[in-house]
Amino acid sequence: MPSTAGRKKKVHPFHIFKYVFLILASIISIFPFLWMIICATNDAVDINRGTVTFGTSLFKNLQNLFAADRGFLKALGNSAIIAVITTVLALLVSSAAGYGFEMFRTKNRDRVFNFLLLSMMIPFATLMIPLFRIFGKLSDSGLSFMGLNTFAAVIIPAISTAFLIFFFRQNTKSFPKDIIEAARLDGLNELQIFFRMYMPVMKSSYAAAAIITFMNSWNNYLWPLVALQSPEKKTVPLILSTMGASYNPDYGMIMAGIVIATLPTALIFFLMQKQFVQGMIGSVK
């Protein structure tokens with residue numbers, strides 16, 4: 001009987017093609033980020049020449065970026081405040097709405113929920129004029145702290161979204177209903193059930209929703225461009241857009257700013273990656 005000890009395992013050509021395709025797709029996906037980092041270390045002249053090697057102008061670009069007159073550091077603080085407050089309020093409001101849609105049965109529940117889903121088909125650009133008029137009237141009234149050119153004008157429209165409510169309702173379907181019935185028999189009211197039992201069990205869903213909401217709020221450009229009119233209220237996307245719109249833009253400085261602006265969302269995603277995957281598949285612990 002011939003020995004098979006030295007026989008090599010034959011690799012199917014399809015597997016070779018699959019791995020080659022995945023490697024090429026990975027390179028194509030990673031290259032824009034790598035090129036962004038490379039550009040952050042070069043000056044504008046080298047970038048215009050198409051340099052694809054690391055340079056020595058990183059500290060110079062950072063120094064120009066954090067100059068007091070550019071307001072980039074202030075914009076980072078503004079973006080952080082808006083993104084954190086929006087994320088916390090959106091998780092609380094949207095999860096409560098998703099919990100209520102799933103746990104409480106009424107005659108018109110599904111109809112209301114279907115109308116809510118239909119609102120996802122409306123482009124945000126069509127809502128800007130009504131929103132602008134609403135917050136403009138708040139600015140002229142006694143509620144000016146919630147009017148235009150305030151952080152509240154950016155935060156309030158993002159507190160509750162149809163997608164987050166739909167997301168939490170779908171994940172709530174896998175929540176054990178017996179736990180709620182047992183808690184009600186023990187005398188807990190709905191708020192106690194929601195905060196003490198529902199939120200800890202659904203922490204994976206909260207993590208996934210937190211990542212999505214924070215990234216959307218941090219990268220939001222269109223509505224803050226309309227609502228925030230003072231330079232000291234600008235967010236990171238608005239400041240970077242202003243830098244790029246100049247007559248002779250410093251691309252090295254802009255790329256350094258983009259790298260810094262990417263770090264918070266990337267850090268949050270990698271720290272909560274496991275919970276994000278669990279939340280997206282509706283995992284309940």
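Buried means under 20% relative accessible area, exposed over 50%, and partly exposed in between (1.4 Å probe, protein chains only). The model shown is predicted: local features need pLDDT of at least 70, side-chain atom pairs count only at pLDDT 80 or more, and totals for chains, interfaces and linings use all residues. Residues are numbered from 1 along each chain as its sequence is written, and side-chain values use heavy atoms, with hydrogens and water left out.

**View 1. T265 in helix α14.** T265 lies in helix α14, residues 251–271. Helices here are DSSP runs (H or I, at least four residues), numbered from the N terminus. T265 has a relative accessible area of 9%, so it is buried. Beyond its neighbours within four places in sequence, T265 touches F214, M215 and W218. Contact means heavy atoms within 4.5 Å.

View 2. Buried residues of α6 are M128, L131, F135, G136 and L138. They sit on the same side of α6, because they cover an arc of only 160 degrees around the axis. The arc is taken from the directions from the helix axis to the C-beta atoms. An α-helix has 3.6 residues a turn, so residues three or four places apart point the same way. The buried residues of α6 pack against α7 (151–155) and α12 (222–227). On the face turned away from the buried side are the exposed residues I129, R133, K137 and D140.

**View 3. A salt bridge between E102 and R169.** The side chains of E102 and R169 form a salt bridge, 3.3 Å from N to O. The pair links distant parts of the chain: E102 is in helix α4 (residues 72–103) and R169 in helix α8 (residues 162–172), 67 residues apart. A salt bridge is a side-chain nitrogen of Lys or Arg within 4 Å of a carboxyl oxygen of Asp or Glu. E102 counts as buried, at 9% relative accessibility. R169 is buried too, at 6%.

**View 4. A salt bridge between E190 and R184.** The closest N and O atoms of E190 and R184 are 2.9 Å apart. E190 is partly exposed, at 28% relative accessibility. R184 is also partly exposed, at 31%. Elsewhere, salt bridges that share partners join E102, R109, D110, R169 and K173 into one network. The whole structure holds seven salt bridges.

**View 5. A salt bridge between D46 and R49.** D46 and R49 pair with their closest N and O atoms 3.7 Å apart. D46 is partly exposed, at 22% relative accessibility. R49 is exposed, at 66%.

Notes:
Helices (H or I, at least four residues) and strands (E, at least two) are DSSP runs, numbered from the N terminus.
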